[in-house]
Amino acid sequence: MALSLYVDTARWRAHQKTVIDQFPGLIPVCKGNGYGFGHERLAEEAARFGADMLAVGTTYEAARIKDWFGGDLLVLTPFRRGEEPVPLPDRVIRSVSSVDGVHALVGARVVVEVMSSMKRHGVREEELGLLASAIEDVRLEGFALHLPLDRPDGTDAVEEVIAWMDRLRAARLPLHTMFVSHLRAEEQARLQQQFPQTRFRARIGTRLWLGDHEATEYRGSVLDVTRVAKGDRFGYRQQKAASDGWLVVVAGGTSHGVGLEAPKAMHGVMPRAKGVARAGLATVNRNLSPFVWAGKQRWFAEPPHMQVSILFVPADAQEPQVGDELVAHLRHTTTQFDRLVER
């Protein structure tokens with residue numbers, strides 16, 4: 001009995017091809033938990049569709065993936081002096097976001113990140129003069145620009161890239177390759193048309209692996225079902241059942257990421273109202289689970305345990321049976337499955 005990730009492999013791969021066709025030179029991203037699929041699986045998929053480079057989050061991820069992917073590995077987290085050295089092959093390319101970092105990587109293959117409107121990290125415009133001499137001692141693979149997802153001020157992503165291209169050109173820096181993130185296909189095409197001598201390479205993870213929501217599905221197996229009457233006590237905290245129904249023990253707990261929810265940016269009155277309502281219910285131990293039974297998301301009977309969750313299914317619903325599987329609406333980037341089932 002397990003928390004399973006079901007994958008419609010043909011549909012998943014068809015979506016991958018659609019994205020790859022839209023973004024010539026695409027660099028697949030495999031970081032964190034491998035977008036829910038695992039590093040090894042995504043490395044195999046990238047090799048299958050012929051990627052020459054795979055982007056990873058950290059040097060530790062690069063060390064794990066290097067035996068699964070034979071092409072170049074681009075580490076997205078910028079190099080910092082004093083970081084723990086990790087033995088890596090020469091095909092690993094380091095991102096660097098400071099002039100000091102470039103000076104510290106003599107002889108290395110590097111991608112220089114410049115400061116975008118994200119304001120997360122990157123070389124600033126006023127530092128470009130110092131950068132020109134620093135890159136003489138490294139093997140420069142290109143420059144990178146990590147762009148925001150939303151632009152509520154109405155600014156244009158293409159114009160931001162063009163502005164940086166102009167700055168780099170004015171500083172007499174080489175513009176053979178630009179690594180970009182969070183551009184639409186038509187935006188990248190516009191840039192490629194305007195700068196035919198520069199190769200634009202999109203680093204894409206979420207859109208590539210998770211863009212077709214119907215291609216994957218989590219399901220948790222029912223392990224036990226116990227009938228309870230209103231007022232019966234149950235669980236670690238011996239709470240009382242609010243009404244007649246069933247306690248349903250389903251595979252999937254905190255070790256799988258169940259109950260773990262990343263904060264979300266909310267836009268509009270209705271999403272904020274729903275957020276307030278959920279917070280109010282949580283104060284009285286009412287938390288909606290990600291598991292669905294008989295067409296409805298069911299409530300946690302109590303907070304999820306390490307490897308299972310206990311749900312409350314009211315008596316007016318169909319009784320679940322041991323061995324049934326409940327669909328679970330889980331976030332791929334925070335979920336660890338027990339088994340992957342190809343369909």
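This is a predicted model: local features need pLDDT of at least 70, side-chain atom pairs count only at pLDDT 80 or more; totals for chains, interfaces and linings use all residues.
1. Residues are numbered from 1 along each chain as its sequence is written, and side-chain values use heavy atoms, with hydrogens and water left out.

2. Helix α1 covers residues 9-22, 14 residues in total. Helices here are DSSP runs (H or I, at least four residues) and strands likewise (E, at least two), numbered from the N terminus. From first C-alpha to last, α1 reaches 20 Å, close to the 20 Å expected at 1.5 Å a residue; the expected span is 1.5 Å times one less than the number of residues.

3. Which residues of α1 are buried? They are Thr-9, Trp-12, His-15, Gln-16 and Val-19. Seen down the axis of α1, these fall within an arc of 130°, so they line one face of the helix. The arc is that of the directions from the helix axis to the C-beta atoms. Buried means under 20% relative accessible area, exposed over 50%, and partly exposed in between (1.4 Å probe, protein chains only).

4. On the face of α1 turned away from the buried side sit the exposed residues Ala-10, Lys-17 and Asp-21. The cover over the buried residues includes β1 (3-7), α2 (39-48) and β18 (339-342).

5. Ala-171 lies in the loop between α6 (157-170) and β8 (177-181), and counts as partly exposed at 21% relative accessibility. Beyond its neighbours within four places in sequence, Ala-171 is in contact (heavy atoms within 4.5 Å) with Leu-128 and Ala-132.
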